[in-house]
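The model is shown below.

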Amino acid sequence: MGREIHGNPHLSHSHPAFLPLLPLHRCSRSHHPPVSRQRPLLTSSHSLEPPSLNTATPHSTHGTVRPFRLDPVPRHVGLIMDGNGRWGQLHCGARTDGHQRGVEALRQVVHASVQWGIADLTVFAFSTENWCRPASEVAFLMRLVTSALRAEMPAIHDSGIRLRFIGELEALPPPMQACLAEAERSTCQHTNLNLNVALNYGGRREIAAVARAIAHDVEAGQLCADDVDESLFAAYLRRAHKAAHNDPELIIRTGGEQRLSNFMLWHAAYSELYVTDVLWPDFTAADFAEALREYARRQRRFGGVHSRPS
Ligand code: FPP
């Protein structure tokens with residue numbers, strides 16, 4: 001049966017499949033059946049007010065909205081949150097203001113993901129190449145991620161979100177590493193959404209690391225070279241991601257650039273790409289809904305002739 005979301009996903013009170021507004025960690029996993037069985041309906045995007053992670057209370061009502069069927073919903077969405085620097089320069093003169101506002105956009109998208117039954121959301125927060133930015137911007141980003149995480153932890157717990165961090169975390173400042181480890185530990189029982197944050201992450205570096213790990217295991221006699229195939233490689237990658245998630249069905253990039261920028265290179269082989277000119281700080285739950293709607297329109301043939309279910 002379909003699930004209908006009117007405007008703000010909080011606001012579908014009248015629909016039989018309305019998602020309750022209780023803090024999600026008190027709800028059973030049954031609110032999130034396998035997404036392939038979910039058939040949400042989203043609404044015309046202009047009326048969609050982004051929900052806040054900080055409140056479980058509907059904060060406005062909307063008039064008429066025209067719902068549309070969303071089928072299928074991606075289980076795993078990757079997000080390249082680009083355009084912060086440009087937004088900051090455009091609005092305030094400082095790139096860092098864009099990063100700051102980017103946290104607000106992320107909060108809304110994370111909350112919408114929980115409400116809409118997305119299982120995994122992987123966000124690109126800092127790449128292996130981002131170190132070449134001015135030292136002050138790098139330091140700002142490190143502080144921002146740490147402080148945003150600390151500030152959001154109560155809402156993250158209330159929403160039943162499990163945090164995982166992927167990338168070469170050992171190169172991050174030690175206090176930040178401690179914060180990330182604690183966030184992973186304290187959320188490890190949550191099941192409403194896996195929020196994977198890529199930090200000091202590079203797709204090529206990750207592939208090279210897996211190749212190295214496999215070579216070591218072959219050298220140690222734990223593997224035969226002939227055992228190495230795509231599924232073994234993918235299993236090593238899942239271990240690096242501390243997760244059993246599937247490849248992202250959809251990767252969204254904001255800020256208009258049409259490239260992957262070293263994001264999930266292995267996993268993106270058959271991901272649907274959605275690029276929008278909207279700069280990340282301006283990206284709302286309504287824009288997210290539009291990306292999901294576009295995804296639902298795509299035909300995924302995986303090199304074959306017929307569309308295959310995702
Ligand atoms: C790219 O925009 C954005 C980043 C490198 C940082 C993104 C990080 C956040 C939004 C904070 C995430 C916070 C948590 C807690 C995970 P850009 O600076 O490259 O933009 P530009 O293309 O306009 O220069």
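In this predicted model, an oxygen atom of the ligand is 3.1 Å from a polar backbone atom of asparagine 84.

| Residue | Polar atom in the residue | Distance to an oxygen atom of the ligand |
|---|---|---|
| Aspartate 82 | side chain | 2.9 Å |
| Glycine 83 | backbone | 3.2 Å |
| Asparagine 84 | backbone | 3.1 Å |

The ligand is surrounded by 19 residues, and the closest are Asp82, Gly85, Arg86, Arg95 and Arg133.

Helix 1 covers residues 84-91 and helix 2 covers residues 95-115; their axes come within 6 Å and cross at roughly 115 degrees. The crossing of helix 1 with helix 2 is right-handed. Helix 1 contributes Asn84, Gly85, Arg86, Trp87, Gly88 and Gln89 to the contact, while helix 2 contributes Arg95, Asp97, Gly98, His99, Arg101 and Gly102. Sorted by class, one of these residues is nonpolar, seven are polar and four are charged.

Helix 3 passes helix 4 in a left-handed crossing. On the helix 3 side, the contact involves Met142, Val145, Thr146, Leu149, Arg150, Met153 and His157; on the helix 4 side, Pro175, Met176, Cys179, Leu180, Ala183 and Ser186. This contact has nine nonpolar, three polar and one charged residues.

Key. Residues are numbered from 1 along each chain as its sequence is written. This is a predicted model: local features need pLDDT of at least 70, side-chain atom pairs count only at pLDDT 80 or more; totals for chains, interfaces and linings use all residues. Side-chain values use heavy atoms; hydrogens and water are left out. A crossing is left-handed if the near helix is turned anticlockwise from the far one by less than a right angle, and right-handed if clockwise. Helices (H or I, at least four residues) and strands (E, at least two) are DSSP runs, numbered from the N terminus. Contact means heavy atoms within 4.5 Å. Ala, Val, Leu, Ile, Met, Phe, Trp, Tyr, Cys and Pro count as nonpolar, Asp, Glu, Lys and Arg as charged, and the others, Gly among them, as polar. A residue is near a molecule or strand if one of its heavy atoms lies within 4 Å of it. A polar contact is a pair of N or O atoms within 3.5 Å; within protein, one must be able to donate a hydrogen and the other to accept it, and residues adjacent in sequence count only if both atoms are side-chain atoms. Axes are lines fitted to C-alpha atoms, for helices over the stretch in contact, and angles run from 0 to 180 degrees between N-to-C directions.
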